[in-house]
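The sequence and structure come first.

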Amino acid sequence: MNQTTEFDYPLDPKYLEETIGYAFKNRQYLMEALTHSSYANEMRSKSGQQINCNERSEFLGDSVLSIITSEYLFSAFKSLPEGALTKMRASIVCEDACCKFANDIRLGDYLLLGHGEELNRGRFRKSILADAFEALLAAIYLDAGKEETARFLLPYVKKEASVLKNGRSKDYKTLLQQIIQQKPGELLEYVLVGESGPDHKKTFETEARLNSNVIGHGTGSSKRESEQMAAYQALILFGVESPDNEKETAL
């Protein structure tokens, strides 16, 4: 890797290192993982500067994710046949799951994006977040090896596998939307009403509103989580969920 330039990140990557519990020895691996192709292309056209984007890292990270996940599932679920293991792995080694993992560590806050991609809300786009998460796995793998990568990744894989095995996962937003859609013309929206805490450890507050009326309020460490919790509160209001029961894992 010949990329040595320092860039002005939206949020200092040192906070990402704190979040994932790993400090890179060669920070160029991390820099490449956080650089989207739109930014690399923009830098090349503006100044002729050659910047490595995270596409090659994403290629490697996809394989790293697959092998670590496969090894865990093979060891942890000895009674499951090959077909069931394959389905479970496919649900973990996929765009939706990787995007969820990326949101858990607020990976989008650290990405270098081109101006156009920034305007198009690329920082929140599922495909960009999922690819960046795989690129981050590759960065850890290249910097420290498989063992350290597994240390970081396995808590996410284990949680997702447990949810899949037990069937306890609920997407409260989807469930609420399905209920609202039964009455044509109803408008459901989620409105961010507050943020607190330092940039690298924010708490978000969101209201679920039905025809401008607040039907639920939620907080979380990401906008996505706060929206899920707002939807959960709305479902309690509608009598679909009970606050007395143990809340199932929100997607």
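**The pocket**

The largest pocket has a volume of about 850 Å³. The model is predicted, and so is every feature described here. In all, 31 residues line this pocket. Nearest its centre lie Cys99, Asn103, Phe124, Leu129 and Arg224.

Which elements supply at least two residues of the lining? They are helix 6 (95-104), helix 8 (126-144), strand 1 (188-196), strand 2 (203-210) and helix 11 (223-237). Helix 6 gives the largest share, with 5 residues. By class, the lining of the largest pocket holds 14 charged, 11 nonpolar and 6 polar residues.

Glycine 145 follows helix 8, and its phi is positive, near 100°.

Several of its residues are buried, including Gly61, Val64, Leu65, Ile68, Tyr72 and Leu73. Ser57, Thr69 and Ser70 of helix 4 are buried as well. Is glutamate 71 buried or partly exposed? Its relative accessibility is 36%, so it counts as partly exposed. The cut-offs matter here: buried means under 20%, and exposed means over 50%.

**Aromatic contacts**

A pair of aromatic rings is described by the distance of the centres and the angle of the planes. The count comes to 8 aromatic pairs in this model. One of them joins phenylalanine 101 and tyrosine 156. Their centres are 5.4 Å apart, with 45° between the planes, and the pair is tilted. This pair links distant parts of the chain: phenylalanine 101 is in helix 6 and tyrosine 156 in helix 9 (residues 146-166), 55 residues apart. Phenylalanine 101 has 2% relative accessibility, so it counts as buried. Tyrosine 156, at 18%, counts as buried too.

Phenylalanine 133 and phenylalanine 152 have ring centres 5.9 Å apart and planes at 40°, so that pair is tilted. Phenylalanine 133 lies in helix 8 and phenylalanine 152 in helix 9, so the pair ties together parts 19 residues apart in sequence. Both phenylalanine 133 and phenylalanine 152 are buried. Phe101, Phe133, Phe152 and Tyr156 form one aromatic cluster.

A ring also meets a charge. The charged end of lysine 173 sits over the ring of tyrosine 190, 4.8 Å from the ring centre.

**Positive phi outside glycine**

Arginine 121 has a positive phi, near 60°, and is not a glycine. It lies in the loop between helix 7 (115-119) and helix 8. Arginine 121 has a relative accessible area of 53%, so it is exposed.

Asparagine 211 also has a positive phi, near 50°. Its place is the loop between strand 2 and strand 3 (213-220). At a relative accessible area of 36%, asparagine 211 is partly exposed.

**Sequence gap and spatial gap**

| Pair | Apart in sequence | C-alpha to C-alpha |
|---|---|---|
| Glutamate 71 and glycine 83 | 12 residues | 15 Å |
| Isoleucine 215 and leucine 235 | 20 residues | 8.7 Å |
| Arginine 27 and leucine 192 | 165 residues | 34 Å |

Where do the other two leading residues of these pairs sit? Isoleucine 215 is found in strand 3. Its relative accessibility is 11%, so isoleucine 215 counts as buried. Arginine 27 is found in helix 2 (residues 27-33). At 35% relative accessibility, arginine 27 counts as partly exposed.

Definitions and conventions
Residues numbered from 1 in each chain as written. Predicted model: local features only at pLDDT ≥ 70, side-chain atom pairs only at ≥ 80, totals over all residues. Heavy atoms only, no water. 1 Å grid on protein atoms, 1.4 Å probe; cavity = no way out; pocket = protein on both sides within 12 Å on 5 of 7 lines; lining within 4 Å. Points joined across faces, edges and corners; volume = space filled by probe spheres on them. Helix = DSSP H or I, 4+ residues; strand = E, 2+ residues; numbered from the N terminus. Nonpolar A, V, L, I, M, F, W, Y, C, P; charged D, E, K, R; others polar. Phe/Tyr/Trp six-rings, centres within 6.5 Å; stacked < 30°, edge-to-face > 60°. Buried < 20%, exposed > 50% of the residue type's maximum accessible area, 1.4 Å probe, protein only. Lys NZ or Arg CZ within 6 Å of the ring centre and 35° of its normal.
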